Amino acid sequence: MMRLLFLSIILPLIFSFQKPLKLQYKRSFRIDIPEPSDVCLNAKKDGYYVVSDNGFLFETDLDWKVIRKADYVGYDFEGVYADSKYVYVVEERSRRIVYFDITTLQLIKKVEIPYSGGRNKGFESLTWNKQKTCFVSITEKDPTTLFEFDESFRQIAQYDFNIASDISAAQFHEGKMYLLSDEDRSIFRLNAETYELEKTWKLNILNPEGLVFGPDGTLYVISDDLEKVYQFENTLP
Amino acid sequence: MKTHYLRFLQASFFFIYIGANAQLTISNGNHVLELSGAVSTFYNHRFYTDVPGNRINNDPSQPIDFKKNRFGLRDAQLQLEGRVGHDFEYEVQVDFADFANTSDIGENPGVMDANFTYKGLKVLEAIVGYQKLPYGRNSLVPFFYSPYWIRPELTRGETYSRRDAGLTLTRNFWRQRINVYAGAYTGMGEQLLSKFGGDNDPSGSLEYIGRVDFSYPARYRYRDYDITHVPIPMFSVGVNARTVFRRFSSFLPGDDYYLRSISGQKDIIGADASFQYQGFSVQLEWHQLKITPTNYVDPNLNTGRFREDRGTATRKIGDKPTNYFRAGGIVAQASYFAKPLKTILSVRFDNLNPNDLLTNNTEETLSFAAAYMINGFNAMLKAQYQHRLIDRKNPLLQRIDDQIRVGMQFMFR
């Protein structure tokens with residue numbers, strides 16, 4: 001009995017020391033953006049939009065140098081997506097989508113997307129699901145829920161999620177949905193139609209809050225706490 | 001008074017009921033309000049040492065008084081947090097379990113936070129109201145993010161107050177790696193809200209507190225356990241100090257050690273450090289108090305209250321003619337979060353010398369804690385065992401019995 005008790009406590013502890021397979025990054029570099037919380041590629045694929053916890057929207061070139069900054073200062077920007085007309089930004093605490101003009105970065109309008117969960121556990125990500133032609137935004141935690149919205153941000157559907165402790169970013173790339181978890185430090189690939197989990201990769205990055213695929217498919221992950229970008233060797237296998 | 005509390009309770013739980021079925025967060029775009037709360041309860045078993053002080057009415061002929069072996073409601077908290085526009089944040093937090101405590105010691109008066117933060121100054125933030133004081137890392141870590149049921153003797157609020165009304169100015173540098181706090185407070189601490197609270201003593205002076213902490217390679221929150229298994233080593237070090245003078249105190253000076261509210265000059269310095277990596281975490285904390293009592297007794301009170309006068313010009317101890325004494329101690333804690341087990345394991349050593357003019361009066365405790373996360377910190381089973389590393393027959397010591405406390409916490413948020 002004592003041996004069984006001993007093994008049931010000690011063995012999981014030993015296994016917990018074993019390092020899981022991790023995705024290794026090629027290089028990392030600092031960016032001049034405070035507390036970056038999400039990133040997306042622009043429609044022309046010649047630069048990125050990066051949002052900050054402090055409520056700032058930045059535009060960078062492909063070398064991650066800041067080119068522009070929006071005049072409007074929000075509350076708590078946590079997700080960003082851009083098409084050929086607008087940059088859409090998720091303001092987590094006030095439950096709003098903020099539209100910016102793509103050419104001027106001027107504020108165009110705000111749209112409420114009500115959510116009754118925790119103040120700092122709201123919408124943490126935003127992307128466009130080309131497979132289902134809808135916006136996708138996922139709440140951070142307690143609970144993690146995937147919401148689908150139409151082009152006017154009217155809710156279409158919602159899906160409960162139990163694959164991670166939290167979700168900090170989402171990207172649609174080559175027919176798949178990719179999610180990032182800060183607390184689990186993992187990237188998940190989902191079927192973009194069914195949202196079933198297909199594959200998981202572990203990261204060795206502190207506080208990963210955003211991921212993006214560059215024009216050539218190179219994967220970049222940004223760390224909020226360290227204010228750094230991590231570039232990976234190849235696109236995800 | 002009880003009727004008021006009852007109505008407040010009814011109203012509050014009605015609010016919780018509404019919240020449970022509708023909104024945890026309410027927003028009109030400019031004003032965001034979040035409703036949350038927490039409940040924790042435990043069973044406490046004390047392993048009583050057979051000394052006269054542990055017998056009923058301190059009478060050696062009586063059986064041992066097992067009154068501490070019981071269930072307890074530690075927390076029944078309700079919290080309102082919000083933000084109005086860009087410039088204001090606010091927080092009101094109450095604990096109904098503490099409202100039932102009508103003692104004049106006032107360690108836990110029921111109101112935990114009632115303050116707002118003004119961010120409009122841009123260069124720094126101002127926190128105004130009743131708030132947690134920026135002194136001592138252990139005190140700044142919220143209870144619900146710990147596997148322990150009881151804080152160390154040194155930091156649990158017996159030697160210095162953990163909350164008070166006043167003004168804190170704070171600013172961070174280098175992307176929140178350096179945080180600076182400075183503030184002025186009543187000096188009455190939690191007892192401001194006790195039945196003897198309100199007016200200041202005749203000195204009319206305030207308590208001043210300052211703290212600086214530095215973290216690397218990134219900001220480091222006031223959390224002691226590495227739940228995310230950070231992939232790079234992280235550390236934080238902090239130093240803080242506080243000073244207060246009271247001509248005479250209208251309050252009891254504390255529950256056990258008579259250090260919390262002093263008639264006289266009380267200066268404290270402290271330092272702390274925290275490290276975490278891959279699930280392991282270590283904290284070290286040190287505080288030293290220098291107390292110079294005035295020995296004045298409030299003429300308006302005739303309660304026969306104890307006044308700290310040990311080691312003063314009028315009451316010397318041994319061969320040490322001095323008008324002050326020192327107190328203090330350390331806390332050392334090491335923990336590991338086993339992710340597959342969803343369990344925090346922790347061991348802690350703490351000591352407290354309440355008066356350096358006495359010998360053999362240092363309290364020392366070794367504590368073990370384990371917490372199983374059913375749903376993260378939101379729902380957690382917790383167990384703590386406290387083992388006293390002292391001579392249990394020593395009459396100078398306050399804490400002589402080992403005890404185990406097992407229970408559960410639940411946060412709704």
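Reply: Two residues count as in contact if their C-beta atoms, placed from the backbone, lie within 7 Å. The model is predicted.

Val89(A) belongs to the largest nonpolar core, which has 59 residues. Val89(A) is among the residues with the most contacts inside that core, along with Cys40(A), Tyr49(A), Leu57(A), Val80(A) and Leu179(A). A second core is separate and has 14 residues, including Ile209(B), Ile268(B), Leu289(B) and Ile291(B). In soluble globular proteins, nonpolar side chains tend to be buried together.

Now the sheet in chain A. Five strands form an open sheet in the order E1-E18-E17-E16-E15, with mixed pairing. Strands E1 (22-23) and E15 (169-173) of chain A stand at the edges; each has a single partner strand, so one side of each lacks a neighbour in the sheet. E15(A) runs antiparallel to strand E16 (residues 176-181) of chain A, and five bridges join them. One bridge pairs Gln171(A) with Tyr178(A) in E16(A).

Next, the chain contact. On chain A, 23 residues are in contact with 24 residues of chain B. Helix H1 (residues 2-17) of chain A gives the largest share of chain A's side, four residues. That side divides into 10 charged, seven nonpolar and six polar residues.

Last, chain B. Its secondary structure comes to three helices and 17 strands. Of its 413 residues, 38% are buried.

Notes:
Residues are numbered from 1 along each chain as its sequence is written. Chains are lettered from A and ligands numbered from 1 in the order in which they are written. This is a predicted model: local features need pLDDT of at least 70, side-chain atom pairs count only at pLDDT 80 or more; totals for chains, interfaces and linings use all residues. Helices (H or I, at least four residues) and strands (E, at least two) are DSSP runs, numbered from the N terminus. Ala, Val, Leu, Ile, Met, Phe, Trp, Tyr, Cys and Pro count as nonpolar, Asp, Glu, Lys and Arg as charged, and the others, Gly among them, as polar. A nonpolar core is a set of buried Ala, Val, Leu, Ile, Met, Phe, Trp, Tyr and Cys residues joined through C-beta atoms within 7 Å. A residue is buried if 20 or more other C-beta atoms lie within 10 Å of its own, exposed if 12 or fewer, and partly exposed in between; C-beta atoms are placed from the backbone. Two strands pair if DSSP finds at least two bridges between them.
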